[in-house]
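User: Can you go through the charge pairs with me, and then one of the helices? Here is the model.

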Amino acid sequence: MDDPAHRTAPAPGGPAPTGPATTAAPALRRLLDLLATGAATEDFAEVLADARRRGAGAQVLAEIEDAIWQALRVHRTLRQHRRRETELTALFDTAGDLAASRDLDSVLSAIVRRARMLLGTDTAYLTLPDESAGDTYMRVTDGSVSPLFQQLRLSLGDGLGGLVAQTSRPYATPNYRTDERFRHTGRIDAGVLDEGLVAIIGVPLLLGGRVIGVLFAADRSARTFSPDEVALLCTLAAHAAIALDTAESLAGTRTALAELAGANEVIRAHAAAVQRAEQAHDRLTDLVLRGAEVADVAAEVAALLGGEVSVHDAEGRPLTGRPLTGDQLPQALAASRTEARAVRHGSGWVCAVLAGQELLGGLALHHRPDLDDADRRIFERAGVVTALLLLLRRSVAETENRIRGELLADLLTAPERDPAGLTARGRRLGVDLARPHLVLVAESGAEGRTRLAGAAARHLFGSRGISAEHGEAVVLLLPEDGTSPGRLARDTAERLARLAGAPVTVGVGRPATGPVPLAAAYAEGLRCVRGLRVLGREGDGASAADLGFLGVLLGDGHEVDPFVAATLGPLLDYDARRGTELVRTLRAYFDCGQSLTRAKDHLHVHVNTVVQRLDRIEALLGPDWNQPERSLELHLALRLQLLAA
């Protein structure tokens with residue numbers, strides 16, 4: 001007989017021995033084979049059943065049963081180790097993803113997907129709080145099929161997630177719908193029901209003891225989660241918390257870097273602007289120290305800002321450069337003065353030139369609609385430099401005008417005392433009395449008299465004229481430039497009124513050369529001022545020629561021809577061209593006491609002829625020719641014409 005101890009053992013996984021079982025060794029070898037191949041637990045029970053079928057004794061069966069129990073323990077331990085190995089591999093992979101990826105969405109998606117895989121659940125998801133809305137929302141889901149569930153928002157403290165967030169501890173329920181440990185709401189229950197979830201486990205995402213989210217795993221059937229599964233999900237939740245913290249830190253770092261880059265850019269731009277402003281200040285200061293004029297400053301500012309610059313006086317008239325188009329410059333200057341900074345004006349900028357609260361003028365920058373802060377400060381600084389130059393010019397002009405004013409006062413007081421000396425003195429002061437000049441006499445009422453001298457000085461600023469107070473009037477001496485004396489008087493009266501803030505009446509004498517004739521021209525101008533007052537034309541300006549027959553009486557020399565030409569000129573011209581007798585008819589009409597019958601007898605014509613000629617005279621002289629004042633001028637001109645004939 002064969003020795004059972006020397007029987008050949010079946011190959012691993014092969015058929016069981018067919019002889020009677022007299023020893024447990026074959027069964028033990030088979031159990032080892034089952035452990036080595038990772039067989040199912042049901043295969044271990046088959047070893048004992050096979051031994052019974054082969055007629056093994058009770059002792060052998062007991063030994064085999066004990067070996068099976070030990071093998072099952074080893075099998076369970078191996079299975080746990082394999083599961084732990086799988087879990088550790090997943091955790092290592094998650095840690096690797098966390099270390100390698102900077103995309104928070106991909107890391108959180110990987111964590112939720114691995115939670116679902118390791119726990120073998122139907123779905124897994126992660127919720128985060130929304131600080132602005134005051135609730136939590138679904139951040140990532142895996143295995144979800146319900147849009148209602150995926151868009152679910154949970155109020156703080158509601159549902160299983162609210163319980164986890166409040167206690168900072170994991171919670172699991174084998175049946176969510178019947179669990180009363182947490183507060184149910186219609187919205188949450190509807191979402192869970194729509195997804196078909198039954199068993200749910202939630203663990204907190206903790207960061208420094210603070211819950212920043214909840215990680216869930218859920219099944220669509222009842223299930224009890226083991227402590228190992230809870231621990232595994234907690235570990236994955238810790239990874240998710242680290243990912244969130246890392247992402248937040250990275251976002252903060254990126255924001256800080258962006259802010260630092262922006263601040264660095266601002267600092268660089270500011271430094272460049274400061275350096276440019278310093279260079280501009282140095283260049284403008286150098287101009288002032290070198291005694292430059294306002295035009296030089298305008299040219300320098302134009303070069304600095306890349307535009308065209310003009311300088312204007314307080315009334316908007318250009319001092320240098322081309323004038324601005326439109327009539328809104330005074331308003332722009334007023335706005336700049338109020339805001340104490342440059343203001344936009346059309347397609348350019350305007351900056352008021354101020355000395356304290358006094359408006360000296362303005363700078364205008366043309367065709368630069370866009371002006372950054374640095375260029376705007378340069379433009380405004382140019383306004384300060386321009387104010388300094390204008391003040392210097394005005395101070396010099398006031399000093400020169402005061403000295404020249406003394407010359408003018410002596411000229412008006414005693415011109416015949418030393419005419420040659422006055423002429424030489426004027427030449428030293430830049431006033432050539434040997435050239436034709438006009439003398440203007442300006443008077444104002446009590447409200448403007450105190451301001452009239454200063455207004456005259458500002459009016460003459462930048463010109464070759466001089467002014468001085470003489471009696472109760474201010475006298476202005478200007479070189480003749482071809483402008484009509486009457487026009488010059490009217491313009492001067494208008495501007496002095498604006499500068500003095502009160503009506504100013506201006507009379508002007510005829511052009512004169514030399515001290516004595518200039519004194520006579522002053523006397524004529526003074527008579528014109530008084531004549532304007534007599535005529536009720538205060539605030540106006542005029543020469544003797546503008547005052548009609550009164551000007552003939554007031555004018556120095558009583559020149560008749562200009563008066564006659566100005567009064568009868570249209571009639572004289574018409575008679576000369578047509579060979580008519582309008583002047584003779586008008587003389588007869590006045591001589592006959594404005595009687596048509598007597599006039600026609602005097603002229604030896606029909607009365608209709610007289611009427612027709614008078615109609616023609618009215619067409620040439622105007623409808624007021626027969627009014628008393630105009631009639632007096634015409635009658636006087638007709639008599640003077642006869643005297644001059």
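**Charge pairs and a helix**

Analyst: Glutamate 494 has a relative accessible area of 48%, so this residue counts as partly exposed. Keep in mind that the model is predicted.

User: What does glutamate 494 form a salt bridge with?

Analyst: Its partner is arginine 498, with the closest N and O atoms 3.4 Å apart. Arginine 498 is partly exposed too, at 46% relative accessible area.

User: How far apart are glutamate 494 and arginine 498 in helix H14?

Analyst: They are 4 residues apart in H14 (residues 485-500), which puts about one helical turn between them.

User: Which residues do salt bridges with shared partners join into one network?

Analyst: Arg30, Glu46, Asp50 and Arg53.

User: And how many salt bridges are there in the whole structure?

Analyst: The search finds 22. One of them pairs aspartate 142 with arginine 116, where the closest N and O atoms are 3.0 Å apart. Aspartate 142 belongs to strand E2 (residues 135-142) and arginine 116 to helix H4 (residues 104-119), so this bridge ties together parts 26 residues apart in sequence.

User: Is aspartate 142 buried or exposed?

Analyst: Buried, with 17% relative accessible area. Arginine 116 is partly exposed, at 29%.

User: What does aspartate 135 form a salt bridge with?

Analyst: Aspartate 135 pairs with arginine 153, and the closest N and O atoms are 3.0 Å apart. Aspartate 135 lies in E2 and arginine 153 in strand E3 (residues 153-155), so the pair links parts that are 18 residues apart in sequence.

User: Buried or exposed, for aspartate 135?

Analyst: Aspartate 135 is buried at 13% relative accessible area, while arginine 153 is partly exposed at 29%.

User: Changing topic to H13. What distance does this helix reach from its first C-alpha to its last?

Analyst: H13 (residues 446-459) reaches 20 Å with its 14 residues, close to the 20 Å expected at 1.5 Å a residue.

User: Where does H13 bend?

Analyst: At leucine 452, by about 50°. Leucine 452 is also one of the buried residues of the helix.

User: Which other residues in H13 are buried?

Analyst: Gly448, Ala455, Ala456 and His459.

User: What covers the buried residues of H13?

Analyst: The cover includes strands E12 (437-444), E13 (466-470), E14 (473-479) and E15 (504-508). Helix H14 is part of the cover as well, and H14 is where the glutamate 494 and arginine 498 pair sits.

Note on methods:
Residues numbered from 1 in each chain as written. Predicted model: local features only at pLDDT ≥ 70, side-chain atom pairs only at ≥ 80, totals over all residues. Heavy atoms only, no water. Salt bridge = Lys/Arg side-chain N within 4 Å of Asp/Glu carboxyl O. Helix = DSSP H or I, 4+ residues; strand = E, 2+ residues; numbered from the N terminus. Buried < 20%, exposed > 50% of the residue type's maximum accessible area, 1.4 Å probe, protein only. Expected span 1.5 Å × (residues − 1). Bend = angle between axes of the 7 residues up to and from the residue. Contact = heavy atoms within 4.5 Å.
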